[in-house]
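Subject: Structure handover, pockets and ligand

Dear colleague,

Here is the structure for your files. Notes on its pockets and its ligand follow below.

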Amino acid sequence: MNYTILKPQQFGRVGLLTLSRPASLNALNSVFFSELIDYLDYILTDEPFDVLVITGEGKAFAAGADISEMVGLDPNGARRFSERGQQTFLMLEDLPIPVIAAINGYALGGGCELCMACDIRLASFNAIFGQPEVNLGLVPGYAGTQRLSRLIGLGGALKWILSGLNMDAREAYRIGLVQDLSEPEKLIEDALTLARRIATRGLKAVRTAKMLLRKGIDMNFQKALDMEKEHFAELFNDEGIEGMKAFLEKRKPSWENNK
Ligand code: CAA
């Protein structure tokens with residue numbers, strides 16, 4: 001598939017995906033979703049790299065779902081529209097590899113929901129976050145009502161979603177929505193550095209850890225502990241033994257990705 005909005009790049013074992021429709025502040029339209037689904041399928045099938053970074057070109061990460069597409073929908077169309085976005089972001093969240101959002105500017109509405117479906121959020125100091133849907137007489141429709149409360153707690157999510165106010169990057173960092181802040185010109189470098197660090201760790205361990213955290217949060221606690229125990233044990237047939245031996249022998253583990 002030839003992409004018109006997505007610009008994929010690869011740097012060794014790290015992928016960088018840039019949303020590039022800057023004249024519309026990377027508003028998420030149906031072409032974007034078709035391209036993203038195609039790209040996620042490619043990652044699942046070919047496993048071309050071990051960590052993905054997502055960013056936006058211009059002054060936005062993404063300024064939300066494309067309002068000019070939404071305005072023509074009736075309730076049935078809107079239900080399908082919401083479902084497509086929800087399912088695509090679930091597919092992104094469920095990727096076996098870690099995904100880092102490098103948020104360069106506006107991350108509003110669907111754009112904030114996109115970064116919340118990523119595993120780690122790094123933002124530049126000039127990023128702006130918010131779920132402004134109530135200003136349009138709407139509610140978030142790409143899982144914002146569910147992911148924001150899981151990330152920052154119910155009280156904070158209620159405050160931001162009910163008010164439709166925007167927050168700056170420092171506030172997003174203070175409340176734990178983003179994990180780190182960078183100077184705008186260093187954001188991509190910082191995100192790629194973190195991605196490269198992750199890509200040199202025990203890769204089976206990294207994928208297992210992501211899965212345990214992601215699945216466990218919605219599970220019964222004891223069941224989640226049982227799941228952790230089983231996966232902890234599994235790594236003792238594998239790269240865990242090599243990692244521990246390497247530590248004791250004061251050398252680097254000889255994992256394929258670490259040579
Ligand atoms: N959908 C469609 N087009 C959008 C857009 C969006 N979400 N956001 C920005 N654009 C377009 C503008 O219409 C404008 O296009 P034209 O030049 O053709 O007029 C272009 O991008 C530049 O935008 P502005 O001129 O508005 O730029 P600004 O710097 O003055 O303002 C902004 C920036 C504050 C982000 C403002 O664009 C804005 O408020 N955008 C809408 C944000 C929003 O409400 N997002 C939520 C959408 S609803 C949603 O996402 C629902 C869901 O959960 C599924």
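The lining of the largest pocket has twelve nonpolar, two polar and nine charged residues. In these classes Ala, Val, Leu, Ile, Met, Phe, Trp, Tyr, Cys and Pro are nonpolar, Asp, Glu, Lys and Arg are charged, and the others, Gly among them, are polar. The model is predicted: local features need pLDDT of at least 70, side-chain atom pairs count only at pLDDT 80 or more, and totals for chains, interfaces and linings use all residues. Residues are numbered from 1 along each chain as its sequence is written, and side-chain values use heavy atoms, with hydrogens and water left out.

Largest pocket

A pocket here is an open set of points on a 1 Å grid over the protein atoms alone, where a 1.4 Å probe fits, with protein on both sides within 12 Å along at least five of seven lines; its lining residues have an atom within 4 Å of a point. The volume is about 580 Å³, taken as the space filled by probe spheres set on points that are joined across faces, edges and corners. Of the 23 lining residues, Glu93, Asp119, Leu213, Arg214 and Ile217 lie nearest the centre. The largest share, seven residues, comes from α9; α3 (75-93), β7 (120-124), α5 (144-152) and α9 (203-216) each supply at least two. Helices (H or I, at least four residues) and strands (E, at least two) are DSSP runs numbered from the N terminus. Domain 1 (6-199) and domain 2 (203-258) each give at least three residues to this lining, with bounds from an automatic or database domain assignment.

Second largest pocket

This one has a volume of about 410 Å³. It is lined by 21 residues, and Ala65, Met70, Glu133, Leu138 and Val139 are the closest to its centre. The lining divides into 14 nonpolar, five polar and two charged residues.

Ligand

The ligand is surrounded by 22 residues (a heavy atom within 4 Å), of which Lys59, Ala65, Gly110, Glu113 and Glu133 are the closest. Polar contacts are pairs of N or O atoms within 3.5 Å; within protein, one must be able to donate a hydrogen and the other to accept it, and residues adjacent in sequence count only if both atoms are side-chain atoms. A side-chain N or O atom of Glu133 is 2.8 Å from a ligand oxygen, and a backbone N or O atom of Ile67 is 2.9 Å from a ligand nitrogen. A polar backbone atom of Gly141 lies 3.1 Å from an oxygen of the ligand.

Regards
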